[in-house]
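Hi,

Here is the structure I said I would pass on.

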Amino acid sequence: MIRVCTVVGARPQFVKASVVSRAFKDRGDIHETIIHTGQHYDANMSTVFFTELGIPNPDHNLGVGSARHGAQTGRIMERLEPVLLNVGPDCVLVYGDTNSTLAAAVVASKLHFPVAHVEAGLRSFNRRMPEELNRILTDHCSTLLFPPTERAKANLAAEGIVGDRVRQVGDVMLDVAKAHETIIPEVESILANHRLVSGAFILATIHRAENTDDPTRLASIFDGLARVARVIPVLIPVHPRTRSIISTLSSESSLESIFMIEPVGYLSMLGLVRSCALVATDSGGLQKEAFFCRKPCVTLRSETEWVELVELGWNRTVPNPAADCVAEVILTSLGTKGTDAAPYGDGRASSHIAAAIAEIEF
Ligand code: UD1
């Protein structure tokens, strides 16, 4: 039996881990211990994902909560080390690019536990993003790397990470979307509460530090969305960090024209993506979910790691955060379609990951 320790802590990691945990169970030769760092802790940022995606309860919760980058990352490292020493895994599995990912990768690699990184090789080439630093450092601590795309694999090669330890398996987010293909999420009440008509509203999310940490930039993006809302309604499930900042913003436009709701779980979000006309977001996962539902997407950043979506014409970035620019890119993208393609693999990335972990000699 191979013993894997999975470390998760933030919303998108719960979603990705759900299908990989399932693939481990289906094989029967991998025993998984799940460690939740506690980076996300609100019911609608954490518990809802475990419940609706059927993820086993974490075996350990490190309860680190929110803090500045150094303190949060340091706390995770300090609390994770004794747990890993106690479990003694064959491999530590981490996802994506959060502080939980980096902390686990550093602790595990220093204890000489091999690290496997799902979503390796993504690069924005913008080192001001905390996520970019987390990704680069995690990739360089990892023994087994799972880039989701050709481009991600090429990014790793450009940094000297090559060979059998790099396995391009596809994107686990596609597996999750496929697993819920036939489910019809109940979003009627959300739409009815705001008199929204299916197919005739914009779904937006904003939470990245690069957008929220600068109040002028955030106000400008919201002004752009308010201009869009004069043409077509805008619905925003608001991340708690964004909510606390927008309450202090001096925005030129009335935010009353934008419908803001609490964060929603994976299934409701899937239902909203299926129902909307366009997605406007700074989330990485949502850019791909828009594509899986073949909806146009505007990335509320000047660059994206998911460059293939831009090349295929499904995604446009916003060159600068000026309200005019945000509004123009969104309004001109409405009703557009890109080219069909399958850049994210065969929808079986999770079983390829499980197979690679089972077969590799660490
Ligand atoms: C983190 C990731 C980001 C990822 C996102 C997914 C890092 C550096 N960033 O950003 O890459 O896209 O998760 O959502 O790891 N808060 C709550 N309740 C919660 C969680 C957070 O109120 O359950 C608030 C706190 O005020 C906290 C702030 O949100 O200070 C930021 O949370 P944090 O986990 O530090 O980063 P995210 O913005 O969620």
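Axes are lines fitted to C-alpha atoms, for helices over the stretch in contact, and angles run from 0 to 180 degrees between N-to-C directions. Helices (H or I, at least four residues) and strands (E, at least two) are DSSP runs, numbered from the N terminus.

Keep in mind that this is a predicted model, in which local features need pLDDT of at least 70 and side-chain atom pairs count only at pLDDT 80 or more, while totals for chains, interfaces and linings use all residues. Residues are numbered from 1 along each chain as its sequence is written, and side-chain values use heavy atoms, with hydrogens and water left out.

Let's start with helix α10 (residues 215–229) and helix α15 (residues 323–333), whose axes come within 7 Å and cross at roughly 45 degrees. That is why α10 and α15 count as oblique to each other. On the α10 side, the residues in contact (heavy atoms within 4.5 Å) include Ile221, Leu225 and Val228; on the α15 side, they include Val326, Ala327 and Ile330. By class, this contact has eight nonpolar, two polar and three charged residues. For that count, Ala, Val, Leu, Ile, Met, Phe, Trp, Tyr, Cys and Pro are nonpolar, Asp, Glu, Lys and Arg are charged, and the others, Gly among them, are polar.

The next pair is helix α7 (residues 172–179) with helix α13 (residues 284–292), packed at an angle of about 50 degrees with axes 10 Å apart. α7 and α13 are therefore oblique too, and their crossing is right-handed. Met173, Leu174 and Ala177 of α7 meet Gly285, Lys288, Glu289 and Phe292 of α13. Four of these residues are nonpolar, one is polar and two are charged.

Val172 and Asp175 are among the buried ones. Their cover includes α1, β5 (115–118), α12 (266–275), α13 and α16 (349–359).

Now for the cores. A nonpolar core is a set of buried Ala, Val, Leu, Ile, Met, Phe, Trp, Tyr and Cys residues joined through side-chain atoms within 4.5 Å. The largest one has 47 residues, and Phe24, Leu93 and Tyr266 are among those with the most contacts inside it. Helix α1 (residues 11–27) gives the largest share, seven residues. Leaving aside residues up to four places away in sequence, Tyr266 touches Val176 and Ala177, among others. A second, separate core of 30 residues includes Ile206, Val228, Ala277 and Leu278.

Finally, some single residues. Asn155, in helix α6 (residues 150–158), counts as buried because its relative accessibility is 12%. Ile184, in the loop between α7 and α8, counts as exposed because its value is 76%. Its C-alpha atom is 9.7 Å from that of Arg274, 90 residues away along the chain.

Cheers

Technical notes
Angles under 35 degrees count as roughly parallel, over 145 as roughly antiparallel, 65 to 115 as roughly perpendicular and the rest as oblique. A crossing is left-handed if the near helix is turned anticlockwise from the far one by less than a right angle, and right-handed if clockwise. Buried means under 20% relative accessible area, exposed over 50%, partly exposed in between (1.4 Å probe, protein chains only).
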